[in-house]
Amino acid sequence: MAAPPRHSAMLSVSNTAGTPQSGSSDKSQTPQQPSTPQPTQGLRVPSNRKTIYDRHLNRSRNAELSRASFAYLFAEMVTYAQRRVTGIQDLEKRLNEQGYPLGLRLLDLLFYRTTTTSSSALSSSSTSSSPPNRPLRILTLLHLIHGPLWRLLFGRSADALEHSVSPDTPNEYMITDNDPLVNTYISVPREMNQLNCAAFVAGIIEGVCDGCGFEAKVSAHNQPTEMWPSRTVFLLGFGESVMEREKVLERAGIK
Amino acid sequence: MSYYFTILSPTDTPIFNIAFGTSKGGGDGIARFRFPDTAQYMNQFIIHSSLDIVEEAQWTNGGMYLKHIDTYPPAAAYISAFLTPSGARFLLLHQPPQLPNSGSSGGLGSSSLLGSSGNLVARGSTSSIAANPTSPQTEEAVRQFMTEVYESYVKTAMSPFYKQGMEIRSPVFRTRVTAAGKKWL
Amino acid sequence: MSSSKASRIGEEIWKTRIDKVNAELVTLTYGTIVAQLCQDYDSDYQEVNKQLDKMGYNIGMRLIEDFLAKSGVGRCANFRETADMIAKVGFKIFLNVAPTVTNWTSDNNQFSLIFDDNPLADFVELPDDGRAQDELWFSNILCGVLRGALEMVQMQIEAHFVSDVLRGDDTTEMRVSLVRYIEDEMPPEEE
């Protein structure tokens, strides 16, 4: 196989001077970057030139894998996380953090897919499908999680969606899964029977909320019933700024 | 028409920038900003000054494509915005080759569909997209451009090693954006 | 047992006896595991490979029982048959792929698995840090799985990737070598 060039310090236009996290933005930059392409460096690609950009995002849309494989991987993830933490709370926090970026990814994937299903091709310029709307209100967001997100992940909707009845916590909502996949196949060690591995899913939900601009804390709680021994309630607590905005949007009549 | 396209992270950090010119109507795809020496700086400045409007529109319009949202008359710069559901902002600055001869900033829908409306002095051969930043054709072209970039962006963001807010350095991504610009703008 | 028969068995089990989940859930979960390891080990990719192999080994030791129960297959007559069983039945029912078995050594103790498809690596682009493409074996967990599973059926093997499309190679290839059969009571018939 052809020996691809080694990449030296690769840099494209890079107006951000390698500090993507810093908040500053209007720093002085090198004058006028012409629109000419930068020298192609970066990652090596196979000789067929296939990269992630050549793979259709819907390719694995209906693909399936063994549920056991998921369980094995997930159990290893939990076991590994367990080695690096001191208690159950810590562990749940860590699982939550691992789920969070998945939430952001799934959000984009979901919207991409809804954009592209109504009219099949992006390139067909004549038919302008109406893309889905970003959620502006809490309820819209919750429906997105309860329905499309759950279906993408678990092949079915969640089982219940409720608003806290307590006047002290109007910012709290609950999404219930009677039989969460992440708990079905995972046997938690006895000394950790408080652990709910659905903390991972709670992290995913938190990522979705945050991504959409609804700052929230999401936690998973065991609430077994006789019929559903691993029933889990995801508790979503929205931040104050979200609740404030919600009021403003309500008054403005925005749905 | 000259374009400056930038992707801002949810915390307003630019994670991708590119300048290009129109390929429509015989355009050569090269950006010719009015202030070439300071174009990068000016463009970022103009784009950032429109962020307040973007943030306002973000919560009144649930669409991903928000169309033309702001105009910066001193530079005859028009800003169009597209918001990803996960909080990234795609902003496109377009600058026609010459200043409009009237003070009007080309109000939405007021321009002729043919794009040869009186408030623009079009130089050379023009198409509506190249000459008129607010015509329906331009809106549609920009929407197509944004949607195509969004597809590539999602592919970037799906990689487990990509973290939100990271600069997008992939030359393939850049090529894709360039191609989308050529195709639609 | 012939390779094509193994393929038929694999297909049949996959269709009728396997509980399924959305493939992307598995893919994305695996991706977060690898990304997390890279973060925890500060991009020490050798160490990440090692950890992935270890995780795979744990999985393999548990997975073999499941495999035997689902497949109902008996002991393989020789290592070539084992290879087909791994590729056409094992990978099929756990990962819904059937890698090609090829590049045997003349002593029939070493072969390659070529993956046309690898669901673990969907959506993945390795970090562009000038090292990951030379050092990280993204799917290294699979090597550990094979090692763990086969050890439970008295085969000590060694497995490692020799190429990966994520690194810019044209194929994704894993090399598997039989080290020894663990108990003397069951040396297989070599032909």
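Two residues are in contact if their C-beta atoms, placed from the backbone, lie within 7 Å. By that test, Leu146(C) touches Gly60(C), Ile86(C), Ile157(C), Ala159(C) and Val176(C), leaving aside residues up to four places away in sequence. The model is predicted.

**Fold of chain C**

- Chain C holds six helices and five strands.
- Along the sequence, these elements run α-β-α-α-α-β-β-α-α-β-β.
- Along the principal axes, the C-alpha atoms of chain C fill a box of roughly 50 × 35 × 30 Å.
- Of the 191 residues in chain C, 50% are buried.
- Among contacts in chain C with a separation of 6 or more, 61% join residues 24 or more positions apart.

**Where chain C meets chain A**

- Chain C gives 40 residues to this contact, and chain A gives 35 residues.
- On the chain C side, the elements that supply two or more residues are strand 1 (20-22), helix 2 (23-40), helix 3 (45-71) and helix 4 (79-95).
- Helix 2 of chain C provides the largest share of that side, with twelve residues.
- By residue type, the side of chain C that touches chain A has 18 nonpolar, ten polar and twelve charged residues.
- Strands also link the two chains: strand 1 of chain A (residues 64-66) pairs with strand 1 of chain C.
- The pairing of these two strands is antiparallel and has three bridges.
- Within strand 1 of chain C, Lys20(C) stands opposite Ser66(A).

**Nonpolar core**

- The largest nonpolar core has 163 residues.
- Ile205(A), Tyr3(B) and Leu146(C) have the most contacts inside this core.
- Leu146(C) is the residue whose neighbours opened this briefing, among them Ile86(C) and Val176(C).

**Confidence in chain B**

- Chain B has a mean pLDDT of 80.
- In chain B, 80% of the residues reach a pLDDT of 70 or more.
- Where pLDDT is low, predicted coordinates should not be read in detail.

Technical notes. Residues numbered from 1 in each chain as written. Chains lettered and ligands numbered in written order. Predicted model: local features only at pLDDT ≥ 70, side-chain atom pairs only at ≥ 80, totals over all residues. Helix = DSSP H or I, 4+ residues; strand = E, 2+ residues; numbered from the N terminus. Nonpolar A, V, L, I, M, F, W, Y, C, P; charged D, E, K, R; others polar. Pairing = 2+ DSSP bridges. Buried ≥ 20, exposed ≤ 12 C-beta atoms within 10 Å, placed from the backbone. Core = buried A, V, L, I, M, F, W, Y, C linked by C-beta atoms within 7 Å. pLDDT = per-residue confidence, 0-100.
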